[in-house]
Amino acid sequence: MAISQMVGASIKRREDPRLVTGTGSYVDDLPQTAIVHMVVVRSTDPHARITGIDTTRAKEADGVIAVFTGKELLSEFGAPLPVTDCFVPTKKYPKHYPLAIDKVRYVGEPVAIVLASSLSAAQDAAERVEVRYESLPPVVDIEKAIEKGAPVLHDEVGSNLSYDVKFAAGDIEAAFREAEVKITQRLIQQRLIPIAVEPRGVVADYRTWARKLTIWSSTQIPHFVKVWAAVILGIPESDVRVVAPEVGGGFGSKIRVYPEEILTALASRRLGRPVKWIEDRGENTKATHHGRSQIWDVEIAAKRDGTVLGIRPTQWLDLGAYCSQFGTFQVLGMLVAQGAYKMKAFDGRAVGVFTNRTPTDAYRGAGRPEATYLIERVMDLVARETGVDPVEVRRKNFVRVEDQPFTTLLGLTYDSGDYRITLDRALQMVDYQGLRREQAEKRKQGKYLGIGLSTYIEICGLGPAVPTQAAVGVSLWGMSVVNVHFTGKATVIIGSSPHGQGHETTYAQVAADVLGIPVEDIDVQHGDTAIGPMGMDTYGSRSTALDGNAVHISAMKVQEKARKIAAHLLEAAEGDVVYEGGKAYVKGTPSKAVTIQEIAVAAFQTSRLPKGMEGGLEATTFFDPTNFVWPFGAHIAVVEIDAETGATRILRYVAVDDCGTRINPMVVDGQLHGGIAQGIGQALFEEAVYDEAGQLRTGSLLDYLVPTAADLPSFELEATITPSPVNPLGTKGIGEAGTIASSPAIINAIVDALAPFGVKDVSMPATPEKVWQLMHRNGGTKR
Amino acid sequence: MIPAAFDYVVPRTLPEAVAELVKRGQEAKVLAGGHSLIPLMKLRLSTPSFLVDIGRISNLNYIREEDGHVAIGALATHHDIEFSDLLKKKLPLLSGAAAQIGDPQVRNRGTIGGAASHADPFGDFPACLLALDAELKVVGPKGERNIAARDFFVDTFTSALEPDEIVREIRIATPPTGSTGTYLKFSRRSQDWAIVAVAAQVTVSGHNVANVAIGLTGMGSRPLRASGVEQALRGKGAHDEDIRAAAERAAEGTDPPQDLNGSPDYRRHLAQVLTRRALEQITAHH
């Protein structure tokens, strides 16, 4: 059987040769003639009125073609930058234009653009743009932002409060009345900078004579950019093409329509020449959105046996200076904060505030890392307070396999999963009981070993159209076109827009299995709005659950047509013909088969087709599943703390993940490796630090510490496979799971190691100094 | 970012290079490996209008032993120093420190002369040169002069070099038998600058410490000697309790900075821990 020959095979990624040899073509590599270089003049003041912009000296500089300010372009913005509902349709937010008009609200906000014949000329001239600021006091603290008398960022909103909404179900008062143990804890989600290896970049080319616009952008969402560029620029959508060429990572940071996509296009339309803007790293740390930046306050009601009765979390979300397009998506964290556990009541409150910092938006996991960090820290806090082992606390509270499909208090339904199995396997892998004995032994020697668990679940595969329309304000589905050519080779077009995920490889595997065409004869195309129908792009670990399955369904449709053509060619009844391994034959006589290549030829030599059948061998699918998908797993970190320096060393990192069917297990492992590394980055290394004056102090990779391979252990990965019942391939998502799971595993391990010092929490990133201080705050006395 | 416009010249000899510096005055900067200067220029934090690239001057890249000294040419790269058999044998402090600088790209391009001239208080070589009582041979319009490491490092990014002088060679007296060293560096990521690092060179004679030198990185605006530790240990037994007591004096007379990576208190503490560990590591071999 050809089926399941390719699905499940760890074939090498076809994307890699061009990437590892440096021949991939990113936006900056595109050949362009007569290009105009754009440099963006950015605010150096976090909060100020613009009292004047003098562009005279910049315009006089060598090579300068034009300089534009926000006021000069305002009449050309047909609409402000888009903002979607994202769980809080009632939120208040201001209009946000690609260039600041009369006020700046964060360091890095675009103020003017300089267009010149060379990049160096544009950069030199940008330094000659004189912006006069009347400084206003900045707001750089979430809680201070909504205090009485705080400076207000947006007069049109009236205060710095965007929303204050409840997500509650069950009788929380009863839960707390019943509680034998009550715990209150503040958890910090520090501000993070996404740091894709390739910063953003755009080339926009408006052809005046044709009135057509092409935008090449390093984006996760070419299809959305097309729609919004058309709306904002007042160009018919049919005249806009957006291409995401090679894109060097996104992690959510390229999920929205950005000012520079609009500004390059506007400038190109004005100048009649292609305009290019490439973000440099210093710009990237300020001008591309940040992630997380939240405070979570939680009250926990539990019983002495470790049963969690209910939780009351408040999420304080720092939106930054504006509401970004998906800026309230992180409120999803509130909806899924119940995690893998049953409880009687949930009383959540989500508050969004504006501060004078770079806007925040989706960052790998987007809401789910926050939810997982919350609930997994809750489990460990309950374990510490009750003295019940953290493993037992989890087992006691788990949703059981017999409860599946399980509906949460807030009404989401999990598709499948036995959470005990991944946990049991992970415990076996680390020899949990042996580790606990070793921990006790080492403590006697003044060595501090810590074991941290994280038994996460994740919502992904966004997602069914009805709930995503209601929640996010956009109907989400998967799209594919499968097109078999005259010679029997095939092209697959997908609606997802990969930027490192390996869709070209895995989706070819999916189509190869259904069609029996060799995988190398199947080309997968993406990231160009001109090649196929609307797609919903790539974010939220959605692609394989949606577009990957759409490929499967389109291929099945093609297979069905191929079988009909074959029946006609074989002069047999349709019902007697089977299709298998790229051939069709009458049941029982596989020696007399017609191949997919012969069928394809007939499909285009339409005189050979059955009467009434249209030519071609092609199918299109818009796939709308019945539910989200819910991957899960158990991660265990084993750390040792250097008692003298506070440094954390990760001795082992074990992960057992269940993402349903694995099309290419090597690609899955790659996603996990990167994801776990990124979550460890948050736990131990990364933090965007602003000073009180509103200046970013971590604006370069010298100060913003992204972990490298040398800073990480070897990950030990295993899998269980519970196919999702909501899509034909049985796939779930895996792009964010590692990040979602790993931060709490690491922090739980550190807190566990520091238990003898009475430490109950350490905020991220757990820097050596912070850990050292926690160990020595009582003069190093142990409890 | 790309640097502001600058002119560039490639002299073939040291006198030519010095002549260019004399001609251009304060506007000129010497370019060697470029791994400190070029990033600053790209950020436009440094905007020299003239670069004198000494990278192609011959006979400046060597590591050899002569007249009881180890002589290292200014253009020897960190990689050359890391892998030099002579240094691994005679000055493991220096080769060991080189292995901990930046990443392979930086080590392949960066030079010891450049690193010394840059006088970064967080650089790794300055504290080593200080602990090893190195001498820097420098060439200027008036000829050659020698500057002792203790006089060379003046302040943050400030050395005793005149603007028209260039480091030609670094000379270190070959340590006697029984003398060895180590560089212990504490940073948050493998390729980062040190939060604190300790360069220790110890001469053990019998069971006694005949001589000891401790250089500190990240404990002030220039590399410092932990003279309190040196006094406490010199001529004493190399026992654990002696070492522990001596190491507690590591932060005496220092003025560590406050930055994102550590507070002054934490740095003082780290200096003590790293000093003790370095001394324990060295004396454990005896």
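Modeller: Two strands count as paired if DSSP finds at least two bridges between them; helices (H or I, at least four residues) and strands (E, at least two) are DSSP runs, numbered from the N terminus. This is a predicted model, in which local features need pLDDT of at least 70 and side-chain atom pairs count only at pLDDT 80 or more, while totals for chains, interfaces and linings use all residues. Residues are numbered from 1 along each chain as its sequence is written, chains are lettered from A and ligands numbered from 1 in the order in which they are written, and side-chain values use heavy atoms, with hydrogens and water left out.

Biologist: Which residue in S11(A) is the bridge partner of Thr214(A)?

Modeller: Strand S10 of chain A, residues 212-217, pairs with S11(A) in the parallel sense, and four bridges hold that pairing. Within S11(A), the bridge partner of Thr214(A) is Arg241(A).

Biologist: Which are the edge strands of the sheet in chain A?

Modeller: The open sheet has seven strands with mixed pairing, in the order S3-S5-S1-S12-S9-S10-S11. Its neighbouring strands are turned against each other by 20 degrees on average, direction ignored; axes are lines fitted to C-alpha atoms, for helices over the stretch in contact, and angles run from 0 to 180 degrees between N-to-C directions. The strands that pair on one side only are S3 (64-69) and S11 (240-243) of chain A.

Biologist: At what angle does H7(A) run to S11(A)?

Modeller: Helix H7 of chain A, residues 222-233, lies across S10 and S11 of chain A.

Biologist: Are H21(A) and H12(B) roughly parallel or roughly perpendicular to each other?

Modeller: Pro768(A), Glu769(A) and Trp772(A) in H21(A) meet Asp265(B), Tyr266(B) and His269(B) in H12(B). Helix H21 (768-776) of chain A packs against helix H12 (264-283) of chain B at about 85 degrees, with axes 11 Å apart. Angles under 35 degrees count as roughly parallel, over 145 as roughly antiparallel, 65 to 115 as roughly perpendicular and the rest as oblique, and therefore H21(A) and H12(B) are roughly perpendicular.

Biologist: Which residue in S10(B) is the bridge partner of Ala71(B)?

Modeller: Strand S5 of chain B, residues 69-73, has four of its five residues buried. On one pairing, S5(B) runs antiparallel to S4 (63-66) of chain B over four bridges, and there Ala71(B) stands opposite Arg64(B). S5(B) also runs antiparallel to S10 (166-173) of chain B over five bridges, where the partner of Ala71(B) is Arg171(B).

Biologist: Which residue takes a positive phi in the hairpin of S4(B) and S5(B)?

Modeller: This hairpin has two residues between its strands. The residue with a positive phi, near 50 degrees, is Asp67(B).

Biologist: How far apart are the C-alpha centres of domain 1 and domain 3 of chain B?

Modeller: Chain B is divided into domain 1 (7-53), domain 2 (63-173) and domain 3 (179-283), with bounds from an automatic or database domain assignment. Between the C-alpha centres of domain 1 and domain 3 of chain B the distance is 35 Å.

Terms used:
Contact = heavy atoms within 4.5 Å. Buried < 20%, exposed > 50% of the residue type's maximum accessible area, 1.4 Å probe, protein only.
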